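This report describes how the parts of one assembly meet. Please read it with the sequence and the structure at hand.

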Number of protein chains: 2
Amino acid sequence: MLQLRDLPTPAILDKFVQRYPDADVTAVVTFLHLLRAGTDLSFALDAYLQQHALLQGRWWVLILLMRESSNTAAPSVLADKAGVSRATMTGLIDGLERDGLVERVPDPEDRRRLAIQLTAAGQAKLDEVMPDYYRRVRQLMQPLSESERKVFIELLDKIQAGASSLSAPL
Amino acid sequence: MLQLRDLPTPAILDKFVQRYPDADVTAVVTFLHLLRAGTDLSFALDAYLQQHALLQGRWWVLILLMRESSNTAAPSVLADKAGVSRATMTGLIDGLERDGLVERVPDPEDRRRLAIQLTAAGQAKLDEVMPDYYRRVRQLMQPLSESERKVFIELLDKIQAGASSLSAPL
DNA sequence: AATTATTTGTTAGTTGACTAATCATGTCAA
DNA sequence: TTGACATGATTAGTCAACTAACAAATAATT
C-alpha cells in the first residue's frame with residue numbers, strides 16, 4: 001500500500017479541475033483525507049504490533065481464533081475473514097506455529113481438513129498485547145464524543161456502500 | 001496490508017471486554033470501521049487502476065509530476081511525497097521509464113541529481129485515466145451532502161492527529 | 001588542500017503478499 | 001464401482017515493498 005503524504009493544495013486542485021472539468025473538488029478532498037487516514041492508522045498499527053514481534057496479519061489470526069468458542073478455525077475460514085488468499089494464510093500459520101502460538105490439529109473426519117488451534121502461548125501473547133492496544137485505541141478516539149462517533153460511523157458506512165463500484169468494470 | 005472482512009459482533013465484543021476491561025467498545029468499533037473503509041477503498045482503487053495497467057504507486061508518481069509547473073521532480077522528493085523509500089522509488093521510475101511515461105533527465109549543476117520528467121505519453125496516460133477516476137469519486141461521495149463532507153473531514157482530522165501516538169514507544 | 005562528512009540514487013537481499021499449479025482426499029453419477 | 005469432478009491445503013514462482021550497504025559527487029572542516 002501507499003502512504004500518501006502530500007494532499008493537494010487549492011492551487012493544485014484548481015490546475016486539475018481546469019484540465020479535468022468532471023472533478024468534484026470536495027468529493028476528491030474527502031476521498032483523499034479518508035484514504036490517508038486509513039493508511040496512516042494501518043501503518044501506525046503495524047508499527048505498534050512490531051514492538052510485540054507481530055504483524056497485522058498474524059495478529060488478526062490470533063484474534064479470529066480467540067473469537068471462536070473452541071479457539072479453533074479452519075485455515076480457509078481464517079483466510080476469508082482476514083481477507084487474504086489461502087496460500088498467504090498457509091504462510092501466516094507457518095510462522096505462528098513456528099513460534100508456538102497456534103497448532104495444526106488434523107481432522108479425524110476428513111483428512112484434507114485442519115483445525116488451527118490457539119495455544120496457551122498464543123493466548124498469553126494476546127493477553128500481553130490487547131490491554132495496551134485497547135488503551136491506545138481509547139486514547140486515539142478520545143477527541144470524539146459518543147454522538148460524534150455515531151455520526152462518523154454512519155458517514156463511513158454511506159461511503160463504503162459504494163466502494164466496490166469504484167472499481168466496477170464500467 | 002490486510003483487508004479485514006469480519007467486524008466483531010456485539011457478542012464477540014462482550015467476550016473481549018470481559019477479558020480486557022480497558023476496552024472502550026465504541027472506540028474500537030469506530031477504529032475498525034475506519035480501518036476497514038480505508039483498506040476497502042485502497043483495494044478498490046488499485047483494482048480500478050489495474051484496468052489501465054497502472055498500480056497505485058506508479059499512478060501517484062504521474063500525478064505528483066503533473067502537479068509541478070515544470071512537470072519534473074527529483075526522485076527523493078517523489079519518494080517523500082508518496083511515502084515510499086528511495087529504493088522503492090527507483091523501482092517505480094524504472095517501470096514508468098520502461099513504459100515511456102517518464103524520463104530521467106541528468107542535472108547539469110549536480111551530477112548526483114536527476115530530474116524525473118513526465119513525458120507526453122505520461123500526460124496522455126493521465127488524460128486517459130483521470131476523467132473517469134474523477135467521475136467515480138464523484139459518484140462514491142454522492143451520498144454525502146456538502147455539510148456532511150465538511151463534518152466528516154473534521155472528524156477524520158481529529159482522529160488522525162493522534163495516529164502516530166498509536167505506535168509511540170510508551 | 002586534503003581529509004572527512006553528507007547527500008543522491010542504485011544495487012543486493014529479504015519479506016509477505018499474490019496467482020497458478022499440484023497433491024491428496026472426498027463426492028457423485030453413469 | 002470406477003471415472004470425473006470438487007474441495008482443502010500446500011508448493012512454486014512472481015511482484016513490489018522494505019532495509020542495509022554502496023559508489024559517486026558535493027560540501028564542510030581543519
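The surface near DNA strand D is made up of 7 nonpolar, 5 polar and 8 charged residues. The model examined here is a predicted one. In it, 20 residues surround DNA strand D, and the closest are A:Pro75, A:Thr90, A:Arg104, A:Arg112 and B:Thr88. Helices α4 (75-82) and α5 of chain A, together with α5 of chain B, each supply at least two residues of this surface. Of the atoms of DNA strand D within 4 Å of the protein, 74% belong to sugar or phosphate, while the rest belong to bases.

In the side chain of A:Ser76, an N or O atom is 3.0 Å from a phosphate oxygen of DNA strand D. The side chain of A:Thr90 likewise has an N or O atom 2.9 Å from a phosphate oxygen of DNA strand D. A base is also involved: a polar side-chain atom of B:Arg112 lies 3.4 Å from a base nitrogen of DNA strand D.

**The surface near DNA strand C**

Which residues are the closest to DNA strand C? They are A:Thr88, B:Ser76, B:Arg86, B:Arg104 and B:Arg112, out of 21 residues that surround DNA strand C. By class, the residues of this surface divide into 8 nonpolar, 5 polar and 8 charged. At least two residues of the surface come from each of three helices, namely α5 (86-98) of chain A, α4 (75-82) of chain B and α5 (86-98) of chain B. Sugar or phosphate accounts for 69% of the atoms of DNA strand C within 4 Å of the protein, and bases account for the rest.

| Residue | Protein atom | Distance to a phosphate oxygen of DNA strand C |
|---|---|---|
| A:Ser85 | polar backbone atom | 3.0 Å |
| A:Arg111 | polar backbone atom | 2.9 Å |
| B:Leu114 | backbone N or O atom | 3.3 Å |

**The contact between the two protein chains**

The two protein chains also touch each other. Chain B contributes 84 residues to the contact and chain A contributes 85 residues. Between them, chain B and chain A bury about 8800 Å², with 66% of this area on carbon and sulfur atoms.

How many salt bridges are found across the interface of chain B and chain A? The rule finds 10 salt bridges there. In one salt bridge, the side chains of B:Arg19 and A:Asp127 meet at 2.8 Å, N to O. Across the interface of chain B and chain A there are also 36 residue pairs in polar contact, both residues being at pLDDT 80 or more.

Several helices build the side of chain B that touches chain A: α1 (10-19), α2 (25-50), α3 (56-67), α4, α6 (120-141) and α7 (146-160) of chain B each supply at least two residues. The largest share of this side, 20 residues, comes from α2(B). The residues of the side of chain B that touches chain A comprise 46 nonpolar, 17 polar and 21 charged.

**The sheet in chain A**

Chain A contains an open sheet of 3 strands in the order β1-β3-β2, with antiparallel pairing. Its edge strands are β1 (72-73) and β2 (102-106) of chain A, each of which pairs on one side only. Strand β1(A) pairs with β3 (residues 114-118) of chain A in the antiparallel sense over 2 bridges. Within this pairing, A:Thr72 is opposite A:Gln117 in β3(A), and A:Ala73 is opposite A:Ile116 in β3(A). Strands β2(A) and β3(A) run antiparallel and are joined by 5 bridges. A:Val102 stands opposite A:Leu118 in β3(A).

**The sheet in chain B**

An open sheet of 3 strands is found in chain B, where the order is β1-β3-β2 and the pairing is antiparallel. Why is one side of β1 (72-73) and of β2 (102-106) of chain B left without a neighbour in the sheet? These strands stand at the edges and each has a single partner strand, so one side of each has no neighbour in the sheet. Strand β2(B) is joined by 5 bridges to β3 (residues 114-118) of chain B, and these strands run antiparallel. B:Glu103 stands opposite B:Gln117 in β3(B). As a general rule, side chains in a regular strand alternate between the two faces of the sheet.

Key: Residues numbered from 1 in each chain as written. Chains lettered and ligands numbered in written order. Predicted model: local features only at pLDDT ≥ 70, side-chain atom pairs only at ≥ 80, totals over all residues. Heavy atoms only, no water. Near = heavy atom within 4 Å. Polar contact = N/O pair within 3.5 Å; in protein donor to acceptor, adjacent residues only side chain to side chain. Helix = DSSP H or I, 4+ residues; strand = E, 2+ residues; numbered from the N terminus. Nonpolar A, V, L, I, M, F, W, Y, C, P; charged D, E, K, R; others polar. Contact = heavy atoms within 4.5 Å. Buried area = accessible area lost by both parts, 1.4 Å probe. Salt bridge = Lys/Arg side-chain N within 4 Å of Asp/Glu carboxyl O. Pairing = 2+ DSSP bridges.
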